[in-house]
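Thank you all for coming; I would like to walk you slowly through one structure this morning. Please have a look at it first, and then I will go through it piece by piece.

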Amino acid sequence: MAGHWGGRYIWQLADSDDLLVAWMPVSERDPGAAEAELIAEFTALHGARPFANRNKGVAA
């Protein structure tokens, strides 16, 4: 997948220059499944999806 639309929401934040952005390579598994799992973990911990994640991810 080229580009990630969620990023456009992050860069609109007033303090976007101060944010720490990280990523996790997932070359040995389906990236959609990895994203869905990470979003589910975040939601379970914080009670809501991460700010720029408008959906729950796409599990294969």
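This is a predicted model: local features need pLDDT of at least 70, side-chain atom pairs count only at pLDDT 80 or more; totals for chains, interfaces and linings use all residues.

**A walk through the model**

Let me start with Arg29, which is partly exposed, with a relative accessible area of 38%, where buried means under 20% relative accessible area, exposed means over 50%, and partly exposed is what lies in between, using a 1.4 Å probe and protein chains only. Residues are numbered from 1 along each chain as its sequence is written, and side-chain values use heavy atoms, with hydrogens and water left out.

What does Arg29 form a salt bridge with? The partner is Glu37, and the closest N and O atoms of the pair are 2.7 Å apart, a salt bridge being a side-chain nitrogen of Lys or Arg within 4 Å of a carboxyl oxygen of Asp or Glu. Glu37 is partly exposed too, with a relative accessible area of 41%. In general, side chains of opposite charge can pair when their charged atoms come close. By this rule the count comes to 1 salt bridge.

Now for the chain as a whole. It has 2 helices and 0 strands, these being DSSP runs numbered from the N terminus, with helices of type H or I and at least four residues, and strands of type E and at least two. Of its 60 residues, 18% count as buried. The chain exposes about 5,200 Å², of which carbon and sulfur atoms supply 59%, and accessible areas here come from the Shrake-Rupley method with a 1.4 Å probe, where for residues only the protein chains shown count as cover.

Let us turn to helix α1, where we find both Arg8 and Tyr9. Tyr9 counts as partly exposed, at 24% relative accessibility, and, leaving aside its neighbours within four places in sequence, Tyr9 is in contact with Phe51, Ala52 and Arg54, contact meaning heavy atoms within 4.5 Å. Tyr9 and Arg54 are 45 residues apart along the chain, yet their C-alpha atoms are separated by 9.7 Å.

Arg8, for its part, is partly exposed at 41% relative accessible area, and together with Arg49, Arg54 and Lys56 it forms a positive surface patch. Patches are made of residues with over 30% relative accessible area and no salt bridge, with like charges joined within 9 Å and nonpolar side chains (Val, Leu, Ile, Met, Phe, Trp, Tyr) within 5 Å. Lys and Arg count as positive and Asp and Glu as negative, with His and the chain ends not counted, and the place of a charge is taken as NZ of Lys, CZ of Arg, CG of Asp or CD of Glu.

Finally, consider the loop between α1 (7-10) and α2 (31-46), which holds Val21; Leu19 and Ser16 belong to that loop as well. Is Ser16 buried or exposed? At 10% relative accessibility, Ser16 counts as buried, and beyond its neighbours within four places in sequence it is in contact with Ile10 and Trp11. Trp11, Leu19 and Val21 form a nonpolar patch on the surface, with about 300 Å² of accessible area together.
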